[in-house]
Amino acid sequence: MGNMHYICSMYTNHSTPRWLFICCAMVLHMVSQAYAQDSTFISKHTPIDKESTSLVVNIDNYNFFDNREVHSPHQHSQTLFGARIGAEIGVQFEANQVIIGAMGIKNFGESGIAEQDITFYYHYEQGHFAGAFGAFPRWRLKQDLPDMFIYDSLRYYSPTINGALIQYTARHGYAELYCNWLNKQGVNQREIFEIVTDGKFGYHGIYAGWNAQLTHFSVPRPSNGLHVYDKLMLNPYIGIEKSNLQWLDVLKIEAGLMLSLNRDRKDMLWKSPMGFLGDFRIRKWRFELRDRLYAGNPQFSDYDTFGATLHRGDPYYRSSLYNRTDITFYLLNKRYIQCHITAAFHYTEKCLDNSQLIILHIAPDWLFHKIR
């Protein structure tokens with residue numbers, strides 16, 4: 001468990017004050033009472049049609065078992081075993097939602113709640129456009145980043161984005177842009193935020209897309225001789241995805257370029273590791289085989305200096321050659337609940353590691369209740 005805390009501790013709140021949860025409970029109570037009294041929400045200038053308002057409830061339950069048997073110098077053996085639950089309630093009027101919620105994570109084998117956080121945000125969705133502002137859950141994204149950009153542990157323990165999100169959805173694809181504020185500047189504490197964009201557009205199963213992330217790694221106050229670090233990751237790719245083939249339910253092949261630009265302003269020298277990033281996936285009935293390959297210059301420059309505070313991706317990509325093969329069996333794969341078991345094999349230029357993964361996820365929008 002030590003490595004998980006090493007990677008995640010700087011991004012999660014270990015001591016969220018109890019008054020936050022008291023405030024959440026008070027707000028939820030006031031919202032429910034307002035609806036119970038058949039009230040109408042009225043703006044200062046234009047009344048909102050009562051018929052267009054509704055109560056929104058989201059429940060998100062994510063359970064994980066991730067056991068890693070590692071010999072690579074870039075990783076650590078560990079077992080992550082726990083459950084995360086979050087609940088949100090809010091008001092929807094026309095294309096607008098105002099939502100508040102709370103989330104807690106329980107590590108099995110430890111007393112108390114390991115991590116806790118709140119969500120509090122505005123969400124808009126109408127036509128081709130959607131967006132959010134505030135502290136909102138990661139499941140609001142169209143698609144999460146590849147593990148080159150965000151490590152599995154952070155998906156478990158850091159499910160909230162603090163910032164703003166803009167999304168565009170069209171018939172043949174989507175694009176999104178968001179800012180995630182990770183750390184506030186303070187005494188012996190760097191200011192850290194990332195700006196991310198991703199998207200994918202295609203036709204008849206052939207598509208092109210991109211992932212890009214700009215990380216601003218500033219200095220504490222006072223700087224104590226430290227310097228700003230600039231990091232940019234770019235991943236353009238093309239691919240093909242076909243379903244309901246004669247012998248396969250799904251076939252997906254993806255290939256792209258992975259380029260990072262890293263600079264410590266102490267010496268102003270750019271480091272630009274680059275390589276090939278591929279993804280191959282086939283599925284038949286409840287079984288899936290997936291293989292991901294990276295070949296090129298080792299990523300995450302200056303990892304020995306800044307570690308996971310700066311580089312949030314899977315440390316395996318510090319290798320010049322990394323291949324991950326997943327064999328997955330889906331016990332459940334419905335719209336609102338998914339459960340799968342995976343045996344993963346990690347090959348680097350130095351060794352072969354393995355891990356076992358069990359995920360049970362109840363989708364966040366499984367409960368939606370309207371009160372008119």
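How many helices and strands does the chain have? The answer is four helices and 17 strands, where helices (H or I, at least four residues) and strands (E, at least two) are DSSP runs numbered from the N terminus.

Hi everyone, a word on the ground rules. This is a predicted model, in which local features need pLDDT of at least 70, side-chain atom pairs count only at pLDDT 80 or more, and totals for chains, interfaces and linings use all residues. Residues are numbered from 1 along each chain as its sequence is written, and side-chain values use heavy atoms, with hydrogens and water left out.

Let's take the whole chain. Of its 372 residues, 48% count as buried; buried means under 20% relative accessible area, exposed over 50%, and partly exposed in between, with a 1.4 Å probe and protein chains only. The accessible surface comes to about 18,700 Å² (Shrake-Rupley method, 1.4 Å probe), and 62% of that belongs to carbon and sulfur atoms. Among contacts (heavy atoms within 4.5 Å) between residues at least 6 apart in sequence, 57% join residues at least 24 apart.

Now for the aromatics. The structure holds 21 aromatic pairs. Rings of Phe, Tyr and Trp (its six-membered ring) pair if their centres lie within 6.5 Å; planes under 30 degrees apart count as stacked, over 60 as edge-to-face and the rest as tilted. Take Y317 and Y322: their ring centres are 5.0 Å apart with the planes at 90°, so this pair is edge-to-face. Y317 is buried at 2% relative accessible area, and Y322 is buried too, at 0%. Elsewhere, one aromatic cluster is formed by Y62, F64, Y156 and Y157.

Some rings also have a charge over them, meaning NZ of Lys or CZ of Arg within 6 Å of the ring centre and within 35 degrees of the ring normal. The charged end of R283 sits over the ring of Y330, 4.1 Å from its centre, and that of K200 sits over the ring of Y207, 4.8 Å from its centre.

One more arginine, for those of you who like contacts. R155 belongs to helix α3, residues 152–157, and is partly exposed, with a relative accessible area of 23%. Beyond its neighbours within four places in sequence, R155 is in contact with R84, D144, L145, P146, D147 and I150. Its C-alpha atom is separated by 8.6 Å from that of R138, 17 residues apart along the chain.

Finally, I206: buried or exposed? At 53% relative accessibility, I206 counts as exposed, and this residue lies in strand β9, residues 206–217.
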